[in-house]
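Open the model in your viewer and keep the selection tool at hand.

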Amino acid sequence: MLKENFEKICDSISTISPFIRFVGVIGESGNLIAYKRRPDLIPLLDEKNTQYQFSHIAIKTDLEGFFDKNLGEIEFVWEEREKVQTISFAIKKSRVWISIDKKVIRSEMLRIIDSCLPLVKKFS
């Protein structure tokens, strides 16, 4: 898929909610293909730990593929962490990774997920 398409995905998702901190598309080797960060935001991870996070996502994506035949492909993964919430969506071998403010209520998280699914499926 073209980098321009990944940039469009990041731009579109970043406008869904003011609580979205970061949207990135991570390639199968853990490289950041495109991203959009909320302006004036202080990242929670430094550059080194960000790369570790993206590598971890790529490895997890690869491993999850072993279960696709029996369980079906992953539509999204939602993680709640102490300082942030994340959602990730698969687009072929890439992963759209979104971080969201921790204090967001669940109904807003579900609205974000429901808004992202058609955008991601359009490119899958």
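Helix axes here are lines fitted to C-alpha atoms over the stretch in contact, and angles run from 0 to 180 degrees between N-to-C directions. The model is a predicted one.

**Stop 1: a helix pair.** Select residues 3-14, helix 1, and residues 106-123, helix 4. Their axes lie 10 Å apart, at an angle of about 175 degrees. Angles over 145 degrees count as roughly antiparallel, so helix 1 and helix 4 are roughly antiparallel to each other. Now show the side chains at the contact. Helix 1 supplies N5, I9, S12 and I13. Helix 4 supplies C116, L119 and F123. Five of these contact residues are nonpolar, two are polar and none is charged.

Stop 2: Select strand 1, residues 20-26, and strand 2, residues 32-37. The two strands pair in the antiparallel sense, over five bridges. Pick V23 and look across to K36, its bridge partner in strand 2. Then move to the turn. Five residues separate the strands of this hairpin. Among the turn residues is G30, with a positive phi of about 90 degrees.

**Stop 3: two loops.** Which residues other than glycine have a positive phi here? Go to D40, in the loop between strand 2 and helix 2 (47-64). Its phi is positive, about 60 degrees, although D40 is not a glycine. D40 is exposed, with a relative accessible area of 82%. Next, select K92, in the loop between strand 4 (84-91) and strand 5 (94-101). K92 has a positive phi near 55 degrees. K92 also counts as exposed, at 61% relative accessibility. For background, most residues other than glycine have a negative phi.

Definitions and conventions. Residues are numbered from 1 along each chain as its sequence is written. This is a predicted model: local features need pLDDT of at least 70, side-chain atom pairs count only at pLDDT 80 or more; totals for chains, interfaces and linings use all residues. Side-chain values use heavy atoms; hydrogens and water are left out. Two strands pair if DSSP finds at least two bridges between them. Helices (H or I, at least four residues) and strands (E, at least two) are DSSP runs, numbered from the N terminus. Angles under 35 degrees count as roughly parallel, over 145 as roughly antiparallel, 65 to 115 as roughly perpendicular and the rest as oblique. Contact means heavy atoms within 4.5 Å. Ala, Val, Leu, Ile, Met, Phe, Trp, Tyr, Cys and Pro count as nonpolar, Asp, Glu, Lys and Arg as charged, and the others, Gly among them, as polar. Buried means under 20% relative accessible area, exposed over 50%, partly exposed in between (1.4 Å probe, protein chains only).
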